[in-house]
Amino acid sequence: MKKALSIVLALCMTLGLAACAQNAAPAATQAAATEAAAPAKLMKEPLTLKVSYVEDPATGIGTVMPKAFEKITEMTNGELKFEIFPSGLLGTQADVVEQIKAGAPIIGTVGMNSLIDSLSPLATPYVLQNIDETLAFSKTDYYAKSVEELKAQGFVPVCMGSLGIRHTISTKEIKSAADFDGLIIRMAATEPSQGFAAVMNGTPVTAAWGDVYSMLSTGAIEATEAPLDLLYSTALYEVCDYLCMTAHLTTPFQFVMSTQYWDQIPAEYQKVMMDVLDDACVEMADIYKKADSEFVQKFKDAGVTVCENPDIDSFANVVPDLFKYLKWDENVYNEIRASIDSVK
């Protein structure tokens, strides 16, 4: 009996151990699968960056970029995080540049004439002749050299795009550069913008935007230029009979950040960021182009005569004269245009 009882107890223990092993196996397999599915961490600590732009949330950049940065966070396993500050909440572009220089973890928009001389011509009328050229320029060897210049100054541009297109509304019909002869036009208070009107024998003036409506209605000026949404929202169709789609400035911009923080980001995540933001710039471009066509119809409905196909070549052909007027090297213009042609 003792011998039989020993055999039974041994058999029970064996069966119990086998059952435990069977129960443990799925748990171990599940744990291994969970560990394999968890994304690999490429950074010691997550990095949070502030994103700054002066445009409001309803604009192209305001609707597209927050979603793009959310996508980057998802694609980098939450290791790159972003806080969005639209409407100049962190200050003007110049303020933000100074903060980045001082070591702030910020990605901010800057104009092409803000940081290095080699990119200043991009803020000049008709150097970039449409939004598609603006996007194409970011793929050129010329821009690649400028990126290295920026990095040497402590900045990394993570994308380049457009913030919209500027056109001309007037009390006189404009179809070509010849129609600027003698025209009194309010232009942006920059040397390239003022000089652009001057080399076409126009009379450029500066004025606060709030004064433009009354100046047009009294004849103090005969034309002004701005993006279509601004021209329309200030009801200039009430005092101007003509709109010319000059598309003279595509308002190029860059998002830049400090090399200090860029160098903390693994190469895999750097590529994710630049790829996603490049796609976002293309999406923004489509929004601005679509918006232009919608506003054209609004101006027509308001009784404005729209010149949708002006002689763009006649305007673009004065740019070399503008470079001379500004005492800039005309060869730079030729180099930029050649670089764009090479990637079209």
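Visitor: How much space lies in the largest cavity?
Guide: About 30 Å³. Keep in mind that this is a predicted model.

Visitor: OK, and how many cavities of 30 Å³ or more does the structure hold?
Guide: One.

Visitor: Which residues line the largest cavity?
Guide: The lining is made of E173, I174, Y242, L243, C244, T305 and C307.

Visitor: Which element gives the largest share of that lining?
Guide: That's β9, with three residues. β9 spans 242-249, and Y242, L243 and C244 are in the lining. β11, at 305-307, also supplies at least two lining residues, and T305 and C307 are on the list.

Visitor: And how do the lining residues divide into nonpolar, polar and charged?
Guide: Five are nonpolar, one is polar and one is charged.

Visitor: Let's zoom out. How many helices and strands does the protein have?
Guide: There are 13 helices and eleven strands.

Visitor: What percentage of the residues is buried?
Guide: 47% of the 344 residues.

Visitor: Last one: of the contacts between residues at least 6 apart in sequence, what share joins residues at least 24 apart?
Guide: That share is 76%.

Key:
Residues are numbered from 1 along each chain as its sequence is written. This is a predicted model: local features need pLDDT of at least 70, side-chain atom pairs count only at pLDDT 80 or more; totals for chains, interfaces and linings use all residues. Side-chain values use heavy atoms; hydrogens and water are left out. On a 1 Å grid over the protein atoms alone, a cavity is a set of points where a 1.4 Å probe fits but cannot get out, and a pocket is an open set with protein on both sides within 12 Å along at least five of seven lines; lining residues have an atom within 4 Å of a point. Grid points are joined across faces, edges and corners, and a volume is the space filled by probe spheres set on the points. Helices (H or I, at least four residues) and strands (E, at least two) are DSSP runs, numbered from the N terminus. Ala, Val, Leu, Ile, Met, Phe, Trp, Tyr, Cys and Pro count as nonpolar, Asp, Glu, Lys and Arg as charged, and the others, Gly among them, as polar. Buried means under 20% relative accessible area, exposed over 50%, partly exposed in between (1.4 Å probe, protein chains only). Contact means heavy atoms within 4.5 Å.
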